[in-house]
Amino acid sequence: MFDTLQTQKPSAYRWLMLILVSLPNFGTNYAQFQLSAFAAEFMADFGLTTMQFSAVTLSFSVVAGIIGVCGGTLADRLGTRRVAVVLCFITAAAALGRRRTHSYGIFFLLSLFVGCGLGAVHATSGKIINAWFPQKEAGLAFSLYCGIGAAGISLAQLTSTLYAGYRQALLVSGLVLLLAAVMWLLFGRDAPEGVSMPPSQPVLKYISRVARLRNVWIIAICCALFSAFIYTVSTLLPTVLADTRAMDVTRANRTAGMLNTAVIVGSVVVPVIQARLGKFRPILAALMLLSAVFVVPIAVVSDGLVLPLVCLLGVCISVGCAFFMAILSGLPEVGAEYLGSAQGLVTLVQYVIGGFVISSFVVTPLVDISGSLLFVAAAVLCVLMAIGALLLPETGQKAKK
């Protein structure tokens with residue numbers, strides 16, 4: 001199985017596979033978080049409230065989560081490439097179709113299906129990374145995967161001034177998602193030559209097995225909290241900065257964009273530190289607590305300190321999801337045989353509960369009361385993730401040795 005990879009020289013093709021895994025994450029975030037950069041225009045065009053706007057922006061999370069369970073299990077049975085190609089093309093079609101509609105209901109429905117490709121690939125990312133990367137590079141690979149996804153959010157906010165309006169931006173993001181589907185079709189592979197994959201078993205056996213594992217549920221909840229943090233802060237931070245700190249829209253978008261730019265930096269730097277320590281738990285818990293410390297003062301500090309705090313927050317929060325996923329892939333009770341289904345279950349909880357329910361119906365109503373509550377809610381999410389990290393076993397290199 002995956003152990004074969006540890007005894008042979010890893011293929012250079014693994015870096016192309018990492019790009020392929022990351023493209024749906026990047027493209028989906030780019031497509032959805034363009035809306036936050038054009039919030040005023042979009043809300044006026046469709047006549048939306050803040051909650052309706054948040055719901056349509058994050059609606060892709062629902063299908064991403066549902067597809068995650070099916071996609072992870074189907075990938076265990078049919079292969080990751082087949083599942084990824086079909087669902088990525090559905091994603092591209094839905095994204096391109098949104099440009100022509102003027103109905104909120106149809107736009108919402110199409111936005112749901114924009115999550116298909118992300119759900120399929122996210123649920124199989126652990127399986128793919130473990131098949132292609134040696135154990136010592138797994139933390140870096142997971143972090144780069146999450147960092148490239150964050151780049152989609154950052155570019156969506158930083159490049160908004162290049163477009164005449166949100167409909168032109170939607171066309172470009174749809175083409176990006178179409179490119180991801182074509183690249184999966186042309187270059188996607190299930191595993192390196194010589195690496196055998198786990199045998200297929202009945203779907204219900206896969207799901208029932210992982211659903212009984214305590215640590216899988218802890219990781220699922222922590223990933224849900226991470227998605228709630230990233231999505232609410234990325235979606236609402238530009239509006240909150242403009243309203244509570246009287247920033248102009250362009251500066252607010254650029255400041256919010258720097259959060260995810262810092263996430264990209266952290267995704268490269270922090271795994272280097274982790275590799276030296278050989279452990280995930282201590283650094284993960286510490287960084288989540290530091291994130292809570294940095295996010296609260298953004299509401300009250302002087303204007304000159306907002307950007308530095310946003311950047312520090314981005315670096316600290318950067319590896320949250322990546323390290324939880326790395327811990328999941330190293331759990332002995334999951335193993336290679338059930339990893340696709342375990343990550344499918346995690347994806348369901350992460351995107352449906354965290355990315356949609358908590359973001360749209362818990363945090364957004366608080367922000368309607370007061371913009372400053374965004375930062376308090378974000379800090380609470382970070383503290384809960386730190387507690388979750390401490391409840392998990394250590395699966396880093398030093399622990400295994």
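Predicted model: local features only at pLDDT ≥ 70, side-chain atom pairs only at ≥ 80, totals over all residues.

Helices α3 and α16 are roughly antiparallel to each other, because their axes cross at roughly 155° and angles over 145 degrees count as roughly antiparallel.

**Helices α3 and α16**
- Helix α3 spans residues 50-58 and helix α16 spans residues 335-369; their axes come within 9 Å.
- The crossing in which α3 passes α16 is right-handed.
- On the α3 side, the contact is made by T50, M51, S54, A55 and L58.
- On the α16 side, the residues in contact are G355, F356, S359, S360, F361, T364, P365 and D368.
- Sorted by class, this contact of α3 with α16 has six nonpolar residues, six polar residues and one charged residue.

**Helices α8 and α12**
- Helix α8 covers residues 135-158 and helix α12 covers residues 249-277; the two pack with their axes 8 Å apart.
- The angle between α8 and α12 is about 165°, and the two helices are therefore roughly antiparallel.
- The crossing of α8 and α12 is left-handed.
- From α8, the contact draws on G139, L140, S143, L144, G147, A150, A151, I153, S154, Q157 and L158.
- From α12, it draws on N253, R254, A256, G257, N260, T261, V263, I264, S267, V268 and P271.
- The contact of α8 with α12 divides into eleven nonpolar, ten polar and one charged residues.

**Helices α11 and α14**
- Helix α11 runs over residues 214-244 and helix α14 over residues 303-317, and their axes come within 13 Å.
- These axes cross at roughly 165°, which makes α11 roughly antiparallel to α14.
- α11 and α14 have a left-handed crossing.
- F226, F229, I230 and L241 of α11 meet V306, L313 and I317 of α14 in this contact.
- The contact of α11 with α14 consists of seven nonpolar residues, with no polar and no charged ones.

**S111, in helix α6**
- S111 lies in helix α6, which spans residues 104-113.
- S111 has a relative accessible area of 0% and is therefore buried, the limit for that class being under 20%.
- Its side chain makes a polar contact with the side chain of R98, at 3.0 Å.
- Apart from neighbours within four places in sequence, S111 is in contact with Q32, V56, S59, F60 and R98.

**R100, in a loop**
- R100 is found in the loop between α5 (80-97) and α6.
- R100 has a relative accessibility of 69%, so it counts as exposed; the exposed class begins over 50%.
- R100 and T161 are 61 residues apart along the chain, and their C-alpha atoms are separated by 21 Å.

**L384, in helix α17**
- L384 is part of helix α17, made up of residues 373-391.
- L384 counts as partly exposed because its relative accessibility is 40%.
- L384 and M288 are 96 residues apart along the chain, and 8.5 Å separates their C-alpha atoms.

Definitions and conventions. Residues numbered from 1 in each chain as written. Heavy atoms only, no water. Axes fitted to C-alpha atoms, helices over the stretch in contact; angles between N-to-C directions. Helix = DSSP H or I, 4+ residues; strand = E, 2+ residues; numbered from the N terminus. Parallel < 35°, antiparallel > 145°, perpendicular 65-115°, else oblique. Left-handed = near helix turned anticlockwise from the far one by under 90°. Contact = heavy atoms within 4.5 Å. Nonpolar A, V, L, I, M, F, W, Y, C, P; charged D, E, K, R; others polar. Buried < 20%, exposed > 50% of the residue type's maximum accessible area, 1.4 Å probe, protein only. Polar contact = N/O pair within 3.5 Å; in protein donor to acceptor, adjacent residues only side chain to side chain.
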